[in-house]
Amino acid sequence: MLIAHHPVAIKSITKKSLAKSQSLLGKEIKILQELSALKHKNVVKLLACTEKDQNVFLVMELLVVDYNNVISIEF
């Protein structure tokens with residue numbers, strides 16, 4: 001369920017670029033759904049997946065982070 005006025009990240013994939021890898025997209029979506037169910041702080045959630053004439057859109061939780069901090073802390 002999407003919450004109104006809640007920032008999200010949207011990955012847009014053109015169907016034309018998927019012509020030869022349609023099954024891979026289905027697998028990716030299934031994996032993202034399974035990972036989202038874990039509700040782990042280090043896993044971005046897949047909130048929705050929708051399809052239009054020319055594109056497939058993956059709507060995901062928006063991760064707002066300073067990657068420089070993450071890299072310096074982790075390594």
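Ser 36 lies in helix H1, which spans residues 22–38, a helix being a DSSP run of H or I with at least four residues and a strand a run of E with at least two, both numbered from the N terminus. The model is predicted, so that local features need pLDDT of at least 70 and side-chain atom pairs count only at pLDDT 80 or more, while totals for chains, interfaces and linings use all residues. Residues are numbered from 1 along each chain as its sequence is written, and side-chain values use heavy atoms, with hydrogens and water left out.

The contacts tabulated are heavy atoms within 4.5 Å.

| Residue | Relative accessible area | Contacts beyond four places in sequence |
|---|---|---|
| Ser 36 | 10% | Val 44, Lys 45, Leu 46 |
| Asn 55 | 18% | Ser 12, Ile 13, Thr 14, Lys 15, Thr 50 |

Asn 55 belongs to strand S3, and its side chain is joined to that of Ser 12 by a polar contact of 3.0 Å (a pair of N or O atoms within 3.5 Å; within protein, one must be able to donate a hydrogen and the other to accept it, and residues adjacent in sequence count only if both atoms are side-chain atoms).

Leaving aside neighbours within four places in sequence, Leu 58 is in contact with residues including Ile 13, Ile 29, Leu 32 and Leu 46.

Terms used: Buried < 20%, exposed > 50% of the residue type's maximum accessible area, 1.4 Å probe, protein only.
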